[in-house]
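Let's take a walk through this structure together, one piece at a time. Have the sequence and the 3D view ready.

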Amino acid sequence: MTATGYSLLGVTAVVVATLAVGAYGWRFSRTTSDFFVASRTVRPGLNASAIGGEYLSAASFLGVAGLVLAFGTEMLWYPVGWTAGYLVLLVFVAAPLRRSGAYTLPDFAESRLESRGVRRLSALLVVAIGWLYLMPQFQGAGLALAAPTGTGTWLGGVLVATVVVVNVLFGGMRSITFVQAFQYWLKLTALLFPLLFMAAIWLRDGAVSPASVAVGSGNAAGDSWTSPLAGTDHELYTTYAIIVATFLGTMGLPHVVVRFYTNPDGAAARRTTLLVLALLGLFYLLPPVYGGLGRLYAPDLVAAGRAESVVLELPARMVDGTLGDLLSALTTAGAFAAFLSTSSGLTVAVAGVISQDVMGRRFGGVRAFQAGAVVAVLVPLGLALLTEGVGVAQAVGLAFAFAASTFCPLLVLGIWWRRLTDAGAIAGMVVGGGCAGGAVLATLLGVGPGGWPGALLAQPAAWTVPLAFLTMVGVSLATPRRVPRHAARTMVRLHTPEAVQLDRGNPPR
Amino acid sequence: MSESTPRRERVTSPRTSAARAQRVPAAREIDAQTLLGEVYMSSLLRSQLRLALLALATLAVLVGGIPLLFWLFPDLTDVEVLAVPLPWFLLAFAVYPFLFGIGWLYVRAAERNERDFTDVLDRS
């Protein structure tokens, strides 16, 4: 059997296993609550695996190793930031968000601020961030399947979209929870197992340090490769902008937040997040090692502009014969698990919002959710097929900066500051989202200037997030009459432990 | 259910006797949003917010300080820990147990704050 055959076999196995594990969950999915939040009965262990599986996307599985291979230590800020984002989420958001009793971010916004306007704006932002994040998943799937098989780049995206829609249509959140928990462990194994063989070969070859070799045209060798500062100009600013975007953007991603509603109570939400921190830390130990070994054994990928496929190709290059091909097939299968799980989570989140805020009145419950899921997948799939030029990492970076500039201030101020008003929230989200979105769009379209303005536009989070916070606080203080009538009661609901018998006002629906 | 309507479950559920026995004066102060109730609530909120800000500050200084440190002292890049360059050692390995450690301490302290709050309400 050829290397292509093994890879196809691996991808097929992941797809079949995903549908089979999903089918196990279908048997339990009966009610609308099952579809949206798995009836809020998911235990911390299972839930943490599911969050880990959902969160580790193509950018984590393929992107980190490729970036480390091409640019070096500074790119480690991305996995560090994606993990630290969960710590920030844990301390500011996890338990209160679960106690708010809302299904989605728009639900939270409406119940906290008692305003339909905030709800509509939040719904718009959830769909925008979700589609922005789904598009690169489909593109990545196309590239990963096209590399070993030589098919068109559209096939992988269509395959992932189909599997996701089938699972979501029949099982909703309950079946997705099982699928994603399974896929976390699959992804970890797919990276760890080949690494054991490759590390043995590296030790046999004399354990040469990746930092000691020059790669490509020499612009990323030696000192620059080990430096933890990003870029060449304005490196300190760029590094801190990446830190702000990833540390604060995580809490605003719709597929991350929707998972918290599946916990039984606020304390369980905290313990789940702590487990997620451990699982993410464990996983992110692995991709940088692929990047480091790639410098020694596959440096030509950088010059060829295919650094992102280092995870897929490295095992076959380092390990001889059939074993190498099998190990490469394993990492290809793991990459597909990454596309499937992240796309599933995003689809559930976006479908929940579309069904509640766009078609909730015309259809009801489960039907609307299923229709929402189809729309949630078709639009970004179409975008992915139309716009193949936008890079995977760029789109994901935009999503993080955008989320950090909109939902992060809404969640943090909404949970901890009772004088937040609906006018303040809308102004802050419009200013933050407008500046962040405009800045990165300008960079993507290539109209960004050089020098300092260029650096500020390429990584906008370091100034758009403070700006969004200041706008939200300033406008709220200027409109004190618009403080929600039940703000004090809502604070009781958000912060008191469930065991205490208190009047918590009206949880949303 | 609006603020003015009575709490239905207190008369309809067969299990309300247990729940009613737990309804203690401090909880009623909070429900009625009296000044004393506000004191209970704001002390819970303040202790939890202080804890969260402490965790964030630890993260910002110790992890967020890394770029500044290497920018001020570029020679640190050449230091090696266990044959690994220091920046790589910090960002690829050491940072993850550290993040988990902060999270673990935070969860313990946050649950203690909530237990204290529950105890105060039960004792009064």
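H4(A) and H14(A) cross in a right-handed way, where right-handed says that the near helix is turned clockwise from the far one by less than a right angle, and left-handed that the turn is anticlockwise. Before going on, note that this is a predicted model: local features need pLDDT of at least 70, side-chain atom pairs count only at pLDDT 80 or more, and totals for chains, interfaces and linings use all residues. Residues are numbered from 1 along each chain as its sequence is written, while chains are lettered from A and ligands numbered from 1 in the order in which they are written.

Helices (H or I, at least four residues) and strands (E, at least two) are DSSP runs, numbered from the N terminus.

| Pair | Angle | Axes |
|---|---|---|
| H4(A) (58-71) and H14(A) (287-297) | about 40° | 7 Å apart |
| H3(A) (44-55) and H13(A) (266-284) | roughly 50° | within 8 Å |

So H4(A) and H14(A) are oblique to each other; angles under 35 degrees count as roughly parallel, over 145 as roughly antiparallel, 65 to 115 as roughly perpendicular and the rest as oblique. Which residues meet here? From H4(A) come Ser60(A), Val64(A), Ala65(A), Val68(A) and Leu69(A), and among their partners in H14(A) are Pro287(A), Tyr290(A) and Arg295(A). The contact of H4(A) with H14(A) has 7 nonpolar, 4 polar and 1 charged residues. In these classes, Ala, Val, Leu, Ile, Met, Phe, Trp, Tyr, Cys and Pro are nonpolar, Asp, Glu, Lys and Arg are charged, and the others, Gly among them, are polar.

H3(A) and H13(A) are oblique to each other as well, and H3(A) passes H13(A) in a right-handed crossing. Their contact includes Ile51(A) of H3(A) and Leu275(A) of H13(A). By class, the contact of H3(A) with H13(A) splits into 9 nonpolar, 5 polar and 1 charged.

Now for the inside. The largest nonpolar core has 207 residues, and Leu87(A), Val244(A) and Phe336(A) are among those with the most contacts inside it. Such a core is a set of buried Ala, Val, Leu, Ile, Met, Phe, Trp, Tyr and Cys residues joined through C-beta atoms within 7 Å. Helix H9 (residues 154-204) of chain A gives this core its largest share, 19 residues. Leaving aside neighbours within four places in sequence, Phe336(A) is in contact (C-beta atoms, placed from the backbone, within 7 Å) with Val11(A), Val14(A), Ala141(A) and Ala144(A).

Next comes the second chain. Chain B holds 6 helices and 2 strands, running α-α-α-α-α-β-β-α from the N terminus. Of its 124 residues, 27% are buried.

Where do the chains meet? The contact takes 44 residues from chain A and 46 residues from chain B. On the side of chain A that touches chain B, H5(A) gives the largest share, 9 residues, and the classes are 30 nonpolar, 10 polar and 4 charged residues.

One last stop is Ala488(A), in helix H23 of chain A. Is Ala488(A) buried or partly exposed? Ala488(A) counts as partly exposed because it has 17 C-beta neighbours inside 10 Å; buried takes 20 or more other C-beta atoms within 10 Å, exposed 12 or fewer, and partly exposed lies in between, with C-beta atoms placed from the backbone. Beyond four places in sequence, Ala488(A) is in contact with Arg418(A) and Gln33(B).

Definitions and conventions
Axes are lines fitted to C-alpha atoms, for helices over the stretch in contact, and angles run from 0 to 180 degrees between N-to-C directions. Two residues are in contact if their C-beta atoms, placed from the backbone, lie within 7 Å.
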